[in-house]
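Welcome! Please take a moment to look over the sequence and the model before reading on.

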Amino acid sequence: MSSAAAPWAQAPHLLQEFDFFLVVDFEATCEKDKRIYPQEIIEFPSVLVDGATGRIQSAFRRYVRPKYHPVLTPFCRDLTGIQQEDVDGGVDLGEALWLHDRWLQAATAGARKGGSLAVVTWGDWDCRTMLESECLFKGIAKPAYFDRWVNLRVPFQAVLGGGGRVNLQEAVRAAGLQWEGRLHCGLDDARNTAHLLVEIMRRGAKIAITGSLAPLSIQHKEEEEQQLHTSLCGGACYCGVASRGGVVAVPGPTQGRCFWGCGNWTPAMGAACPYFLWTN
């Protein structure tokens with residue numbers, strides 16, 4: 001058993017701002033030495049940590065069925081341990097979010113009214129890039145608690161140092177903990193991140209929000225949209241071709257609106273992929 005599982009009362013700690021910490025670590029479609037467009041979440045795990053006791057209170061996992069690349073690559077299966085039958089029997093991302101929200105409500109039902117919650121990740125990718133981009137291009141609404149998070153790298157470096165290049169497994173070991181489970185299994189990664197979070201708190205760190213999706217001011221709207229376009233597709237649409245901008249010419253409520261669309265488009269065949277993003 002890792003030292004993070006030791007009774008919280010046996011170690012000095014600061015009173016934390018949050019009643020609960022929700023540790024998430026998504027796994028997504030991937031290919032070796034190649035980017036997949038679009039990348040989609042295939043494992044949705046989270047672990048709920050009680051901020052007062054440091055104990056893991058509950059855990060959640062659903063496999064998610066990808067829409068655009070439904071067949072997992074051999075590299076993805078080997079890396080994550082997720083098999084084709086797992087995602088074939090999974091739910092879509094919208095349902096996973098709904099099921100997760102129901103689980104979270106049940107898991108925190110006994111908390112005092114207004115109990116505060118912070119999402120915790122190792123890095124900014126899970127919330128800033130992966131979940132946000134997939135929800136945007138699929139038109140899925142997500143709970144507001146995913147719009148801000150704690151990048152655990154920040155308090156880890158403050159307490160233990162090590163610079164920005166330390167990966168999660170190295171960080172767990174640097175904290176004197178034993179890695180438990182399979183690397184790149186989302187639920188195991190989330191559990192290990194939770195253990196690391198508790199150890200960092202045990203060493204006296206005050207955990208605070210480090211990242212958010214709060215909108216920029218109006219004067220920076222165009223810059224934000226361009227950054228979003230780049231973060232979604234890296235300058236390319238889902239099929240890997242450079243995307244192209246346009247303006248809706250058809251009379252109606254959207255006439256005159258600007259958009260980014262698939263760059264691999266011809267009048268006869270239409271677009272090669274469904275990439276589409278409004279710019280205003």
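## About the model

This is a predicted model, in which local features need pLDDT of at least 70 and side-chain atom pairs count only at pLDDT 80 or more, while totals for chains, interfaces and linings use all residues. Residues are numbered from 1 along each chain as its sequence is written, and side-chain values use heavy atoms, with hydrogens and water left out.

The predictor's confidence in each residue, called pLDDT, runs from 0 to 100. The protein averages 83 on this scale, and 76% of the residues score at least 70. Residues 1-12 fall below 50, and in the model this stretch has 24 contacts beyond near neighbours in sequence; a contact means heavy atoms within 4.5 Å. Residues 216-235 also stay under 50, with 22 contacts beyond four places in sequence. Where pLDDT is low, the predicted coordinates should not be read in detail.

## The overall picture

You can find 8 helices and 12 strands in the protein. These are DSSP runs numbered from the N terminus, with helices (H or I) of at least four residues and strands (E) of at least two. Of the 280 residues, 43% are buried, where buried means under 20% relative accessible area, exposed over 50%, and partly exposed in between (1.4 Å probe, protein chains only).

Among contacts between residues at least 6 apart in sequence, 67% join residues at least 24 apart.

## Two nonpolar cores

A nonpolar core is a set of buried Ala, Val, Leu, Ile, Met, Phe, Trp, Tyr and Cys residues joined through side-chain atoms within 4.5 Å. The largest one here has 29 residues, and those with the most contacts inside it include Phe 21, Val 23 and Leu 197. Two or more residues come from each of β1 (20-24), β3 (41-50), β5 (117-121), α6 (168-174) and α7. Helix α7 gives the most, with 8 residues.

Val 23 touches Val 49, Val 120 and Leu 197, among others. A second, separate core of 26 residues includes Leu 48, Ala 96, Leu 97 and Cys 135.

Where does Glu 199 sit? Its place is in helix α7, residues 186-202. Glu 199 counts as buried because its relative accessibility is 2%. Its side chain makes a polar contact with the side chain of Arg 202 at 2.8 Å. A polar contact is a pair of N or O atoms within 3.5 Å; within protein, one must be able to donate a hydrogen and the other to accept it, and residues adjacent in sequence count only if both atoms are side-chain atoms.

Ser 133 lies in helix α4, residues 125-138. With 9% relative accessibility, Ser 133 counts as buried, and its side chain reaches the backbone oxygen of Thr 129 at 2.6 Å.
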